[in-house]
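Please keep the sequence and the 3D view at hand.

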Amino acid sequence: MAIFSKSYDHFLGYALSGGGAKGFAHLGALKVLEKCGLKPDVIAGTSAGALAGVFYADGYHPDEIVELFRKKEFREFVEFTIPTTGFFKSAGLHNFLKKNLRATRFEELQIPFYVVTTDWNRASTVTFSNGDDLVDAVVASCTIPIVFHPQMIHDVPYVDGGLLKNFPVSVIRKKCKYVIGVNVSLMLPPPEKYNIRRMLERTFNLMSNSNTLLDKAYCDILIETKGIEKYSMFDLQNQLKIMEAGYHYAALTMSKNESWEIVRKCHRHYALTRKIHAQLLRIRGKNKSQNPENLNAQ
């Protein structure tokens, strides 16, 4: 209900970047935003941001989300296969999502949600936001080329959205009055030792960082998590440390005066929305009591 302006569908949106295991920083940032009393009207996520975002849109608290991943190992989310288009299948991740998500369709989520993927054949960004492709779309958004086989959706191969749109602010920018972006994928330093995994990770990091510059500029509030560059893309052993870093830097950003000004505007919007809803309920109740059928029934 866009009571604030005819030009916006939503008041506040969150954009969550890709970043592999660094995506646990999103959960720390979301905790801070909750403590500020903020409630997103829409969420857009790429790769790790899609994974964190879908659980949050499904009604999970950030602490509940990290608990789902506790004591999990990378091998539990993948299935090794003959390396034709990738070394692994994403069967484990697919099963994990189907088991733990309450929603099976986008429309069943508590918060509207946009998943960013890459159409491998057409080399274009594709966003999913409705229908029953929810799990497949999130898996596709996390499907790093070469590491994983492409995710097929309606006979089309999709891969990680971070290839072309790692920070999906522009996906919801025109729909929202305000956008808070959380970028957990900062530039990695060159590795001290080279191996295939480190080369692949740095290559993907360079690509994804090159397409985030414009999206950073589109944020009304930009939260960037520093100090987690040392953690591997597939590191599931330091979830709480990464989450704590996300919390720390989100708290620093949200403590700034310009951030608090937007927080205050959000709270004024919430108060106005509650007031209008209360008035609508009173009007409906009044009309119902004045309905001749109701009077005759009495």
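## Surface and fold

Accessible areas come from the Shrake-Rupley method with a 1.4 Å probe; for residues, only the protein chains shown count as cover. On that basis, the accessible surface of the chain is about 15100 Å², and carbon and sulfur atoms hold 54% of it. This is a predicted model: local features need pLDDT of at least 70, side-chain atom pairs count only at pLDDT 80 or more, and totals for chains, interfaces and linings use all residues. Residues are numbered from 1 along each chain as its sequence is written, and side-chain values use heavy atoms, with hydrogens and water left out.

The chain has eleven helices and eleven strands. These are DSSP runs numbered from the N terminus: helices are H or I with at least four residues, strands are E with at least two. Of the 298 residues, 51% are buried. Buried means under 20% relative accessible area, exposed over 50%, and partly exposed in between (1.4 Å probe, protein chains only). A contact means heavy atoms within 4.5 Å. Among contacts between residues at least 6 apart in sequence, 74% join residues at least 24 apart.

## Thr46

Thr46 sits in strand β2, residues 42–46. Thr46 is buried, with a relative accessible area of 0%. Leaving out residues up to four places away in sequence, Thr46 touches several others, including Leu16, Val116, Ser141, Asp160 and Lys165.

## Salt bridges

Side chains of opposite charge can pair when their charged atoms come close. A salt bridge here is a side-chain nitrogen of Lys or Arg within 4 Å of a carboxyl oxygen of Asp or Glu. The count by this rule is eight.

Lys165, one of the residues that Thr46 touches, pairs with Asp215; the closest N and O atoms are 3.0 Å apart. Asp215 lies in helix α8 (213–217) and Lys165 in the loop between β9 (156–160) and α6 (169–172), so the pair ties together parts 50 residues apart in sequence. Both residues are buried.

Asp220 pairs with Arg173, with closest N and O atoms 2.9 Å apart. Asp220 is in the loop between α8 and β11 (221–224), and Arg173 is in the loop between α6 and β10 (176–183), so this pair ties together parts 47 residues apart in sequence. Asp220 is partly exposed at 34%, while Arg173 is buried at 18%.

## Other charged groups

Glu107 and Arg105 form a salt bridge with closest N and O atoms 3.5 Å apart. Glu107 is partly exposed at 47%. Arg105 is partly exposed at 33%. Glu261, Arg264 and Arg268 are linked in a salt-bridge network.
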